[in-house]
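Subject: Structure for you to look at

Dear colleague,

I am passing on a structure for you to look through, and below it I describe what was found. Please keep it open beside this message as you read.

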Amino acid sequence: MQRVVRKLTSITSHRQFRSQVVGFRSYCTGGVAFDVGQPTSASHPQLLKDGELTPGISTEEYILRRKKLLELLPEKSLAIIAAAPVKMMTDVVPYTFRQDADYLYITGCQQPGGVAILGHDCGLCMFMPEAKPYDVIWQGQIAGVDAALDTFKADKAYPMRKLHEILPDMIKGSSKVFHNVQTVTPAYMEIEAFKKLAYCNNVMDLAVYTHQLRWIKSPAELKLMKESASIACQALLLTMLHSKTYPFEGTLAAKVEYECKIRGAQRMGFNPVVGGGPNGSIIHYSRNDQRIKQGDLVLMDIGCELHGYVSDLTRTWPPCGSFSSAQEELYELILETNKHCVELCKPGASIRQIHNHSVEMLQKGLKELGILRGVGSSSYHKLNPTSIGHYLGMDIHDCSMVSFDSPLKPGVVITIEPGVYIPSSFNGPERYRGIGIRIEDEVLITETGYEVLTASIPKEVKHIESLLNNFCHGMGTTLDSQNN
């Protein structure tokens, strides 16, 4: 285990040199790395290379992001980006912290409690929380002013207690303020100068600019996204093999999370959807508490997060090892739609165009199967109210401010996820009732077309059946008794 040593008394002279310091530098002295509240290349060389601020992303790339955002910001405007708040599960137990994507994208800081300011005059100015001895004892060290300057490379940094002294004048000198509406905090919302700008409709959502920047991924970001997709594919493949012996939604949810985390993922991108039988027709089913009946399908929609970048994929299969004729008919329709829509992914196309094509394909196929009888769209949308896909990146539904009508560009990652969700109460052919199917892939737009990031996990009927019937023998454990 890595040793973490905090020597409060040894930095007295350094504090006198920089009076704003409330954190520690991350550097090595005699083989000991000081803690800045998050991994650095000095404290966690197994995670970060020299020059990286967060795993896989260099300090230079973060600085370039700030420059690009400043180029988008109008003159005499200011950007205010607050860190995500800590959310409590009980009065003393917090939920696992996840940083706001915009704050992380600009600062590289993975910790709560800060407010970042970006402006043409001040550059990046970070207001940082101050570490109290009581908090350090219970929760560990946090990044302060020293880390903001030395680790995150802010141009200026102050403790949070000085925010109300310094930020009002910065706002007064600005004609517009852009802020992250997802993480607004009274720390700056209550400042009189901010209120005046808001009253004059001169306070706007910064996401119109940050989402534009985050939409097209850098080579370093794409490397992380490919690694995240690879982890999710490996985890789901092993879970598919597990499902024949352990057909329980909760067990499969636990299995896929374990396999993701043991491969390096920090967390799941969302609560896994594990819908067995009719539960698969509930689009974002999350209870995961039912046994999957013999002969039923299971729909698993999963994704993991690796160093701030998420994956998202779905497969549907019969844990028993073979599709029924009704299941296969519907599955082949969804599969053909999936493959055809993937082929449409290229620069210049849009999610909206691909979606409209998927609707045409699915409506035609569902009518041929006798599932759809009417000519209107309302009956179809009851069976599939979802879009064909969405943007993917630091968030699952990434860059929501970018329109689905925007022409796709190289470096954009989207999902392609056609599906059909037929409830048990459906007034149609009985053989299709209670079947939910979705096939979701991650697709990177390239200069010449596309690359499927989730291509390693099977989706053809013959491949799935072969996998389940030929490769899952000998996987039994003590859980076998649950099936008896």
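A pocket here is an open set of grid points with protein on both sides within 12 Å along at least five of seven lines, and its volume is the space filled by probe spheres set on the points. Please bear in mind that this is a predicted model.

With that in mind, the second largest pocket has a volume of about 590 Å³. It is lined by 21 residues, and those nearest its centre are Val86, Pro112, Gln139, Gly140 and Ile142. By type, the lining of the second largest pocket is made up of nine nonpolar, seven polar and five charged residues.

The largest pocket holds about 690 Å³ of space. Its lining counts 29 residues, of which Lys87, Arg98, Asp100, Gln182 and Asp395 are the closest to its centre. The lining of the largest pocket contains twelve nonpolar, eight polar and nine charged residues. Two helices, α3 (101-107) and α9 (207-215), each supply at least two residues of this lining, and the largest share, three residues, comes from α9.

Why is Met89 described as partly exposed? Its relative accessible area is 47%, and partly exposed covers the range between buried, under 20%, and exposed, over 50%.

With best wishes

Key: Residues are numbered from 1 along each chain as its sequence is written. This is a predicted model: local features need pLDDT of at least 70, side-chain atom pairs count only at pLDDT 80 or more; totals for chains, interfaces and linings use all residues. Side-chain values use heavy atoms; hydrogens and water are left out. On a 1 Å grid over the protein atoms alone, a cavity is a set of points where a 1.4 Å probe fits but cannot get out, and a pocket is an open set with protein on both sides within 12 Å along at least five of seven lines; lining residues have an atom within 4 Å of a point. Helices (H or I, at least four residues) and strands (E, at least two) are DSSP runs, numbered from the N terminus. Ala, Val, Leu, Ile, Met, Phe, Trp, Tyr, Cys and Pro count as nonpolar, Asp, Glu, Lys and Arg as charged, and the others, Gly among them, as polar. Buried means under 20% relative accessible area, exposed over 50%, partly exposed in between (1.4 Å probe, protein chains only).
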